[in-house]
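Please work through the following exercises with the sequence and the structure at hand. Each task is followed by a solution in steps.

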Amino acid sequence: MDKILEVKNLRVSFNTYVGEIRAVRGVSFELRRGETLAFVGESGCGKTVTAKSILRLLPPVSAEIKAGSEILYKGENVLQMGQKRLQRYRGNEVSMIFQDPMTSLNPTMTCGQQIVEALMLHKKLSKQEAKAEAIKTLELVKIPDPEKRFSAYPHELSGGMRQRVMIAIALSCQPSILIADEPTTALDVTIQAQIIDLLKELKEKLGTAIILVTHDLGVVATLADRIQVMYAGQIVETGTAREIFYEPQHPYTWALLSSVPGLAERSKQELYSLKGTPPDLIMPLECCPFAARCEYCMKVCRQQMPQVTNVTATHNVACWLQHPHAPKVKPFYERGLSHAQQA
Amino acid sequence: MLRYAIKRIGYAVVTLFIVVTVTFFLMRSIPGDPLSHMARALPEQTRANYYAKYGLDKPLFTQYLMYMKNLLRGDLGESVLYPGRSVSETIAKTSPISGLVGGIALAIGFVIGITLGIIAALNKNRWPDYLVMFVAILGTTIPVFVFASLLQYFVSVKLGWLPPSGWGQPRHLVLPIIVLSFGPVASFARYLKSSMLDTLSQDYILTAQAKGLSQRDVILRHALRNSMLPIVTILAGRIVGVFTGAFVVERMFGVPGIGFYYISSINNNDYTMILGTTVFYAALFVIAQLVVDFVYMLVDPRIRIVPESR
């Protein structure tokens, strides 16, 4: 079986004192063995919530994964796993790294100990075996002098090193899926590049499937096989990296792509920025969620939710512009200046 | 590390010096003296002899110098009230009793308090949390003597399970220990709950969960140690409280500990006894502080002292 993860109609809500926040609204996707899938979108569009749901790491008190949602790991529904099964699944079959390496490691435990812990739990290794294995993993993530770093505390390491330790913890048990939630956002630019390179190398070496959550399209370009653009808790466009970068169809994707700063050739030109913010997720959405910010918004966009259209077998878009009766438009960056910038 | 230790011990000596000096002069500013009560009926000459014997006839500052000189030699003097009973011996004899009762109480309070704190944190805003917080509020607001009398009344008088007071058998220990552990239970539970809640919202707890650790391991291995710092802070006061907090309780239950003697020596203006015990408490407090600083370093590697590179 090629599909190792299949998410069907995932809906997640947060119950807060102001009301029910519907953070993820019917997300479906699948992940194949060894593939890298990126979730791209602005802050607050449900990327991280979707990612955490896969490991059932959402806060149990406020978050609720709605009935009817399904997360199938190799055919087994993660949402119905018992505590024991869930613990064997976490870290061993699917593991996760987080945004901020400065706070994601336990400050009172040595780095080595934090890796050993996972190994002893899942691989049933003895202390010595686990230590040897942990040092190997530290080597794998290219930490210089791994024997010494094994007994270092997190505060003795730099941010980049800590993120490497996080990756080492996550990969120590050879999971089939690694979820990387904004793995480079908290790091400075040169370190970001190193971490991306490392992830790329590891994915080729170990064949681990990666779910990459990010708002940085630069990160996506080098790593992802497929990209899923998310907006207001929904997937608005999904396709291979090539399709998203070279033949994007959704105006939101266009906006995201043109907000990436280019190098010298366009440096005189003002960088495009998408105005406004994503919709409040407390509201019910009956129309296209992007309508309010869309430069191509039509009457129908404000009345009805667009259907998902297949552009190719791998490329899907949820946009009324795909409708046969819709006017044929080109992305604004191909027309020169956009409306937004003329205004 | 060594430099740090020497510095700390130096501070400790200065602290002790100040405590002794202040206590000495404060004590003398209270009207009366240890002999005034008993020596009232004595003939003038005998009384003068007694005052001379204890050096109480000399100027105050000379007495102070004498006391300090003896203190430096480790001599705390002899009780004025009970001739022949040396202060050091009394402390040596009574403090282990206080230490035993208070130590057991503190240990029990620590274990129960921490456990209750964890339970409260994990059940935030549900009935176990409310129950623990109710107990904690009781523990901090009810004075020990009220709690002690209630226990004596119900457990000893009404039910007849345990003796209301006395010393010599293990069952005499039960009630004072229960009373003395109530305070620590309350404060440890309260502090641990809030610091545990804070720890549980940290990112590394999510990392631990993502590793596949059970709830139990997440709490015990990751959350607990990181929640212990505020507990260690209040532990210093509590260690001393093992001895001092027991004044009233020892009196009420007839435990012949150091608190028992401290109170009676204050009542009788027994100068040497008061000073001796105060020095003992002060030393204990200073040592407890040192221990706590050391425990900080054990609990949190970030606090460990880095040798100065100069």
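The exercises below concern a predicted model.

**Exercise 1. Confidence**

Task: State the confidence that the predictor assigns to the complex and to chain B.

Solution. Step 1: For the complex, the predictor gives an ipTM of 0.85 and a pTM of 0.79. Step 2: The average pLDDT of chain B is 83, and 95% of its residues score at least 70. Step 3: Within chain B, helix 2 (residues 44-53) has the lowest confidence, with a mean of 77, whereas helix 8 (residues 203-210) has the highest, at 91.

**Exercise 2. The domains of chain A**

Task: Locate the domains of chain A and determine which element gives the most to the side of domain 1 that touches domain 2.

Solution. Step 1: The domain assignment places domain 1 of chain A at 3-224 and domain 2 at 234-342. Step 2: Their C-alpha centres are 29 Å apart. Step 3: Domain 1 of chain A brings 17 residues to the contact, and domain 2 of chain A brings 11 residues. Step 4: On the side of domain 1, strand 2 (19-32) and helix 8 (217-223) of chain A each supply at least two residues. Step 5: Strand 2 of chain A gives the most, with eight residues. Step 6: The side of domain 1 divides into 10 nonpolar, four polar and three charged residues.

**Exercise 3. A helix pair in chain B**

Task: Classify the packing of helix 4 of chain B against helix 12 of chain B, and name the residues that meet.

Solution. Step 1: Two packed helices are described by the angle between their axes and by the distance between those axes. Step 2: Helix 4 (residues 87-122) and helix 12 (residues 258-267) of chain B pack at about 125°, and their axes are 7 Å apart. Step 3: An angle of 65 to 115 degrees would count as roughly perpendicular and one over 145 as roughly antiparallel; the two helices of chain B are therefore oblique to each other. Step 4: From helix 4, Thr90(B), Ile91(B), Thr94(B), Ser95(B) and Ser98(B) meet Ile258(B), Gly259(B) and Tyr261(B) of helix 12. Step 5: The residues of this contact comprise three nonpolar, five polar and no charged.

Notes
Residues are numbered from 1 along each chain as its sequence is written. Chains are lettered from A and ligands numbered from 1 in the order in which they are written. This is a predicted model: local features need pLDDT of at least 70, side-chain atom pairs count only at pLDDT 80 or more; totals for chains, interfaces and linings use all residues. Axes are lines fitted to C-alpha atoms, for helices over the stretch in contact, and angles run from 0 to 180 degrees between N-to-C directions. Helices (H or I, at least four residues) and strands (E, at least two) are DSSP runs, numbered from the N terminus. Angles under 35 degrees count as roughly parallel, over 145 as roughly antiparallel, 65 to 115 as roughly perpendicular and the rest as oblique. Two residues are in contact if their C-beta atoms, placed from the backbone, lie within 7 Å. Ala, Val, Leu, Ile, Met, Phe, Trp, Tyr, Cys and Pro count as nonpolar, Asp, Glu, Lys and Arg as charged, and the others, Gly among them, as polar. Domain bounds come from an automatic or database domain assignment. pLDDT is the predictor's confidence in each residue, from 0 to 100.
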